[in-house]
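Open the model in your viewer and show the side chains.

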Amino acid sequence: MKKIVFACLLMPMCALASEPAVYVGGQYNFMEVDGGPSVDIGALSGRLGYEFNRNVAVEARLGMGVSDDTLMGVDIELNYYYGVYLRGQMPMDSGFTPYVIAGYTKGELEASNDFDKAKEDENDFSYGIGVDFAATDNLDVGLEYMMYLDKNDVEVSGFSLGVTYRF
C-alpha cells in the first residue's frame, strides 16, 4: 500500500518532467560597445544546448563579428566571442517560452586604423532575458537581450534575433 501511495505522490512530478532534449540554433546579435562614445557592431553566433527538463538548460555559444563600426577614424570590430550559460525557462501553453540566462562570456575586440591595430580580450559574468516562440513542434524563433560584458569601464550588450531547432 505504501508503494502505491508513494507512486501516486510522484505522478504529478513526473508529469512536469520532460525528456531531455538537445537543441541547436543561430542568432544575429545587434551589439553595442559602450566605453565612452558607443559603437554598434553585429555578430553571428551558433548555439548548442541541452535541456535537463522543461525548465532548466545549459547552453554554449560561439560567435564572430560580421559588421563593424567606425569611431573617429578607428574601425571597431568583434573578432570572436564564446560563452557557457545556464538557462531557466518557463514554457507556456500559448507557445511562448520566457527565460533568464546567466553565465560566462569571453570575447575579443579589435580597433584599427591605417597605421595601427590593437586587440583586447576580456571575460566576464553575463546575463540576460529572452522569449522564444514555437513556430513548429521543433522550431523556435526568439528575441533576447544580453549583457555580455561590463568590465574596465566597457559594456558590451545588445539584442539578438534567432532560431532554434530541437531534436
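**A tour of the salt bridges**

Start by selecting Arg 87. This is a predicted model, and in it Arg 87 counts as buried, because its relative accessibility is 1%. Arg 87 lies in strand 5 and Asp 132 in strand 7 (residues 117-134), so this pair ties together parts that are 45 residues apart in sequence.

The side chains of Arg 87 and Asp 132 form a salt bridge, at 2.7 Å from N to O. Is Asp 132 buried or exposed? Asp 132 is buried, with a relative accessible area of 3%.

Keep Arg 87 and select Glu 59. These two side chains also meet in a salt bridge, at 3.9 Å from N to O. Glu 59 sits in strand 3 (residues 56-67) and Arg 87 in strand 5 (residues 74-89), so the pair joins parts 28 residues apart in sequence. Glu 59 counts as buried, at 1% relative accessibility.

Next, move to Asp 140 and Arg 166. Their side chains meet in a salt bridge, 2.8 Å from N to O. Asp 140 is in strand 8 (residues 139-151) and Arg 166 in strand 9 (residues 154-166), so parts 26 residues apart in sequence are tied together. Asp 140 is buried, with a relative accessible area of 6%. Arg 166 is buried too, at 13%.

Which residues are linked in a network of salt bridges? They are Arg 47, Glu 51, Glu 59, Arg 61, Arg 87, Asp 132, Asp 140, Glu 144 and Arg 166. Across the whole structure, a search finds 11 salt bridges.

Key:
Residues are numbered from 1 along each chain as its sequence is written. This is a predicted model: local features need pLDDT of at least 70, side-chain atom pairs count only at pLDDT 80 or more; totals for chains, interfaces and linings use all residues. Side-chain values use heavy atoms; hydrogens and water are left out. A salt bridge is a side-chain nitrogen of Lys or Arg within 4 Å of a carboxyl oxygen of Asp or Glu. Helices (H or I, at least four residues) and strands (E, at least two) are DSSP runs, numbered from the N terminus. Buried means under 20% relative accessible area, exposed over 50%, partly exposed in between (1.4 Å probe, protein chains only).
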